[in-house]
Amino acid sequence: MSTNTGMTWPIAALCMATVLLLSVGQVLFKAASTGWVPHDWRTWCSPVLACALLTYGAATLAWLFVLSRVPLTLAFPFYGLSFVFVPL
């Protein structure tokens, strides 16, 4: 765990970027699920699904970086913003 207990502006900005990436990923997953047929290989090769997975992967890596820099108690409230952004 990091010894730094404060939230700096760059880390706060990265938190916001991570939340936005998570929100975009959710919207892309929803778009990819339209017409979803699990046993059809073309469904798994969808460009929208690939973008959703890459977006979520990038968000996960960014979130790990954030959590390595600040305590979860400071970072996690930002995560709740995704519940605001996704419906928008």
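Visitor: Where is Thr8 placed?
Guide: Thr8 sits in the segment before α1. Keep in mind that this is a predicted model.

Visitor: Is Thr8 buried, exposed or partly exposed?
Guide: Thr8 counts as partly exposed, because its relative accessibility is 34% and that class runs between 20% and 50%.

Visitor: How far apart are Thr8 and Pro77, in sequence and in space?
Guide: They are 69 residues apart in sequence, and their C-alpha atoms are 15 Å apart in space.

Visitor: OK, on to α1. How many residues, and what reach?
Guide: α1 has 25 residues. From first C-alpha to last, α1 reaches 36 Å, close to the 36 Å expected at 1.5 Å a residue.

Visitor: Which residues of α1 are buried?
Guide: Ile11, Ala12, Cys15, Thr18, Val19, Leu22, Ser23, Gly25 and Ala32.

Visitor: And what do the buried residues of α1 pack against?
Guide: They pack against α3, α4 and α5, with α5 covering residues 82-85.

Visitor: What does the backbone do just after α1?
Guide: Gly35 takes a positive phi there, about 75 degrees.

Visitor: What happens at the start of α3?
Guide: A side-chain oxygen of Ser46 comes to within 3.2 Å of the backbone nitrogen of Val48.

Visitor: Which residues of α3 are buried, and what covers them?
Guide: The buried ones are Leu49, Ala52, Thr55, Ala59, Ala62, Trp63 and Val66. Their cover includes α1 (9-33), α2 (41-44) and α4 (72-79).

Visitor: Thr55 is a polar residue on that list. Why does Thr55 count as buried?
Guide: Its relative accessibility is 14%, and buried means under 20%, so Thr55 falls in that class.

Visitor: What is Thr55 in contact with, sequence neighbours aside?
Guide: Leaving out neighbours within four places in sequence, Thr55 is in contact with Leu21, Val24, Gly25 and Leu28. Gly25 is also among the buried residues of α1.

Visitor: Switching to rings. How many aromatic pairs are there?
Guide: The count comes to 1 aromatic pair. Phe29 and Tyr56 form an edge-to-face pair, 5.3 Å centre to centre with 65 degrees between the planes.

Visitor: Where in the chain are the two partners?
Guide: Phe29 is in helix α1 and Tyr56 is in helix α3, 27 residues apart, so the pair links distant parts of the chain.

Visitor: Now zoom out. How many helices and strands are in the chain?
Guide: The protein chain has 5 helices and 0 strands.

Visitor: Is the chain compact or spread out?
Guide: The chain is more spread out than a compact globule, because its radius of gyration is 15 Å, well over the 12 Å that the globule rule gives for 88 residues. Along its principal axes the C-alpha trace spans about 50 × 25 × 15 Å.

Visitor: What share of the residues is buried?
Guide: Buried residues make up 27% of the 88.

Notes
Residues numbered from 1 in each chain as written. Predicted model: local features only at pLDDT ≥ 70, side-chain atom pairs only at ≥ 80, totals over all residues. Heavy atoms only, no water. Buried < 20%, exposed > 50% of the residue type's maximum accessible area, 1.4 Å probe, protein only. Helix = DSSP H or I, 4+ residues; strand = E, 2+ residues; numbered from the N terminus. Contact = heavy atoms within 4.5 Å. Polar contact = N/O pair within 3.5 Å; in protein donor to acceptor, adjacent residues only side chain to side chain. Rg over C-alpha atoms; globule rule 2.2 N^0.38 Å. Phe/Tyr/Trp six-rings, centres within 6.5 Å; stacked < 30°, edge-to-face > 60°. Expected span 1.5 Å × (residues − 1).
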